[in-house]
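Dear colleague,

Please find the structure below, handed over for your records. My notes on the symmetry and the pockets follow it.

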Protein chains: 2
Amino acid sequence: MSLRVLGAKAAASLDKELMSTQGFSLDQLMELAGLSVAQAVYKTYPPKSYKKVLILSGPGNNGGDGLVAARHLKLMGYHPSVFYFIKSAKFEKLEIQLHSFGIPLYLSTDSQDVVGDIKRLVMSHDSIIDALFGFSFRPPLRDPYNQVIKGLIASGKPVISVDMPTGWDVDEGPRAAAIPQDEVLEPSVLVSLTAPKPASVYFKGKYHYLGGRFISEAIAQKYNFDVPQYPDLDQVVRL
Amino acid sequence: MSLRVLGAKAAASLDKELMSTQGFSLDQLMELAGLSVAQAVYKTYPPKSYKKVLILSGPGNNGGDGLVAARHLKLMGYHPSVFYFIKSAKFEKLEIQLHSFGIPLYLSTDSQDVVGDIKRLVMSHDSIIDALFGFSFRPPLRDPYNQVIKGLIASGKPVISVDMPTGWDVDEGPRAAAIPQDEVLEPSVLVSLTAPKPASVYFKGKYHYLGGRFISEAIAQKYNFDVPQYPDLDQVVRL
């Protein structure tokens with residue numbers, strides 16, 4: 001299934017509109033987006049064989065989706081752990097929820113060696129959720145994120161990227177001149193949220209899902225993208 | 001499957017704790033509760049045969065769950081309509097969402113004849129979601145709610161009750177002395193949220209679901225109830 005894509009400007013504008021004229025709160029959208037991500041993981045790497053999931057959460061909304069996904073994964077029978085790059089107190093309540101669910105939460109602010117700590121965590125987990133940066137990121141990655149991505153690539157572990165593989169350019173994907181070739185992450189799963197971004201055409205992995213089942217037909221028409229038929233009760237649809 | 005029940009006092013205390021020490025927002029909990037209700041409807045009365053769903057939303061949190069369920073039902077292929085007894089501006093944003101999804105919303109404040117209007121709406125729909133009152137209600141029902149329930153009973157339409165059939169006593173169910181016998185609603189579906197309430201033992205319908213897949217093991221233990229195994233990605237489990 002090939003869908004029309006949504007550029008970075010339009011995606012930012014859509015997010016803003018969802019939370020103003022459309023009446024959604026960030027909590028609501030993030031809850032459903034995070035649930036989508038957890039469902040995509042469950043469908044691709046079921047808990048029986050991939051019990052331990054590491055979620056790498058960046059400082060923005062993409063990271064928040066990861067925090068929500070971690071909680072749902074726990075409820076689905078996984079043993080998730082989270083490494084969280086904190087920026088603000090915006091998602092403090094999501095952190096509290098993780099504590100309540102007994103989910104190990106490693107904070108960048110507590111780490112003396114972010115790159116080394118993440119490398120060790122990656123090696124002791126079965127799959128990795130990349131919720132570091134989303135569609136508003138512009139390459140190249142700065143330190144320590146570039147080192148984290150290099151470590152992730154070297155590990156050979158299955159990677160599920162949220163909305164956009166970290167380090168990619170939203171339009172040119174991994175081909176952007178600003179991206180060093182040894183920092184090109186190639187995830188096996190991509191979970192596009194609300195609509196695929198332009199760079200998703202460069203995704204070479206086997207599993208491309210769309211998540212974020214909260215878009216009305218009116219708003220999809222206004223922003224000129226498609227809402228495909230989700231199967232039954234699923235919060236994701238495979239593209 | 002028979003689960004331990006949760007009394008009204010404990011349920012109120014649990015709700016309070018979820019939104020304080022456990023870090024949840026009302027938006028998050030209501031989103032997941034409403035999604036549960038929509039999934040229970042889908043499993044019992046699929047959209048192919050029961051396209052038109054009427055949601056009767058009361059003035060409290062139970063009503064809010066109904067507003068959220070309406071939106072998810074639309075996304076699942078139903079044609080939902082909502083009759084909403086407004087109390088406060090608390091759920092104004094949920095109303096805006098319904099408008100955005102093109103879901104007809106009838107407000108009690110706009111109606112000259114609430115009982116008659118609801119009767120007509122009931123007759124033109126295939127199933128009815130009873131999201132009027134929940135576990136904190138104490139019988140008897142006052143006017144016009146008692147008339148609404150009588151009309152609903154007379155219609156013979158399939159009724160899905162959210163958490164507690166409207167008019168029931170949370171402990172004694174339909175047996176409480178304060179309930180006139182011609183006001184005893186017997187729904188075909190009951191969606192208990194977080195844990196069944198004591199009166200759920202009097203439920204005689206065929207489909208009893210548990211929803212609200214957001215309870216950690218620690219909190220279930222503290223409140224002395226069970227979290228059963230939800231099947232795969234479902235937000236409801238049949239009891």
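Which helices of chain A each supply at least two residues of the lining of the second largest pocket? In this predicted model, they are α1 (8-18), α2 (26-44) and α3 (61-75). Of these, α2(A) gives the most, with 4 residues. The second largest pocket has a volume of about 620 Å³, and 28 residues line it. Asp15(A), Asn61(A), Asn62(A), Asp65(A) and Phe135(A) are the lining residues that lie nearest its centre.

The largest pocket holds about 710 Å³ of space. Its lining comprises 32 residues, with Asp15(B), Gly60(B), Asn61(B), Asn62(B) and Phe135(B) nearest the centre. In chain B, α1 (8-18), α2 (26-44) and α3 (61-75) each contribute at least two residues to this lining; α1(B) gives the most, namely 6 residues. The lining of the largest pocket consists of 18 nonpolar, 7 polar and 7 charged residues.

As to the arrangement of the chains, chain A is superposed on chain B by a rotation of 180 degrees with 0.0 Å of shift along its axis, at an RMSD of 0.0 Å. The two copies are therefore related as by a two-fold rotation axis. Within chain A, Gln28(A) has the C-alpha nearest that axis, at 2.8 Å. Both copies use the same surface, in that 100% of the contact residues of chain A recur in chain B.

With kind regards

Conventions
Residues are numbered from 1 along each chain as its sequence is written. Chains are lettered from A and ligands numbered from 1 in the order in which they are written. This is a predicted model: local features need pLDDT of at least 70, side-chain atom pairs count only at pLDDT 80 or more; totals for chains, interfaces and linings use all residues. Side-chain values use heavy atoms; hydrogens and water are left out. Copies are superposed by least squares on the C-alpha atoms of residues with pLDDT of at least 70 in both. Contact means heavy atoms within 4.5 Å. On a 1 Å grid over the protein atoms alone, a cavity is a set of points where a 1.4 Å probe fits but cannot get out, and a pocket is an open set with protein on both sides within 12 Å along at least five of seven lines; lining residues have an atom within 4 Å of a point. Grid points are joined across faces, edges and corners, and a volume is the space filled by probe spheres set on the points. Ala, Val, Leu, Ile, Met, Phe, Trp, Tyr, Cys and Pro count as nonpolar, Asp, Glu, Lys and Arg as charged, and the others, Gly among them, as polar.
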